[in-house]
Amino acid sequence: MTDREGARWVRGRTALAAFVVVTALAAGGVWCVQSSDRASAVDAAPKTSAVQDVKDDGPSSGGLPGVRDCGRGKPATKPHVITLTCEDAEMVATAITWKYYGAREALGVGVVQVEKSDAAAGTEAGFPATFRLRDPERVGGELAFTGLEVTYEGSTPLGDTTEMYTLA
């Protein structure tokens, strides 16, 4: 091998290494930009403390059962927000629109918002779902639903298509 062929081989190897490094950096940059977009979407999702001020739930009325948020306070009829994980408030049902609200059950649609620490990489912050309130009982002298069934319409935060929550 001559000096000229050796130099050509080294230059080709250097060019290949540079190409691999630049490609890896570009791909990493695209991945980081996309993951920061997902993270900012989760950061923008309403958290329990943020949505507490916008609740416009009315007091329980007309003999219909209400919902006690995390088992506290007076039951609210047709709530627009229900905290699903009370110990850490990382999962919150929001933007609930009630299609039916009766004495034995209630059916509504909305979105389950998940904080960044619970949302898996590559997933969205909001998960469309159907909500079914059930099992009304007297709690603290007032009628309240004690069970909530959440059925997801697509991707799910925890991998289950249906989840059950106790509301008492």
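Trainee: What should I keep in mind before we start?

Mentor: This is a predicted model, where local features need pLDDT of at least 70, side-chain atom pairs count only at pLDDT 80 or more, and totals for chains, interfaces and linings use all residues. Residues are numbered from 1 along each chain as its sequence is written, and side-chain values use heavy atoms, with hydrogens and water left out.

Trainee: How many helices and strands are there in the chain?

Mentor: Two helices and eight strands, in the order α-α-β-β-β-β-β-β-β-β from the N terminus. Both kinds are DSSP runs numbered from the N terminus: helices are H or I with at least four residues, strands are E with at least two.

Trainee: What makes E3 and E4 a pair?

Mentor: Two strands pair if DSSP finds at least two bridges between them. Two bridges join E3 to E4 (residues 91-101), so the pair qualifies, and the strands run antiparallel. For Ile82, the bridge partner in E4 is Ala93.

Trainee: Why are E3 and E8 said to stand at the edges?

Mentor: The open sheet has six strands in the order E3-E4-E5-E6-E7-E8, with antiparallel pairing. Strand E3 (82-83) and strand E8 (162-166) each have a single partner strand, so one side of each lacks a neighbour in the sheet.

Trainee: Why is Trp98 called buried?

Mentor: Buried means under 20% relative accessible area, exposed over 50%, and partly exposed in between (1.4 Å probe, protein chains only). Trp98 has 13% relative accessibility, so it counts as buried. Tyr101, at 11%, counts as buried too.

Trainee: Why do Trp98 and Tyr101 count as an edge-to-face pair?

Mentor: A pair of aromatic rings is described by the distance of the centres and the angle of the planes. Rings of Phe, Tyr and Trp (its six-membered ring) pair if their centres lie within 6.5 Å; planes under 30 degrees apart count as stacked, over 60 as edge-to-face and the rest as tilted. Trp98 and Tyr101 are 5.6 Å apart centre to centre with 85 degrees between the planes, so they form an edge-to-face pair.

Trainee: What about Tyr101 and Phe145?

Mentor: That pair is edge-to-face as well, with 5.7 Å centre to centre and 85 degrees between the planes. The pair links distant parts of the chain: Tyr101 is in strand E4 and Phe145 in strand E7 (residues 142-152), 44 residues apart. Both Tyr101 and Phe145 are buried, and together with Trp98 they form one aromatic cluster.
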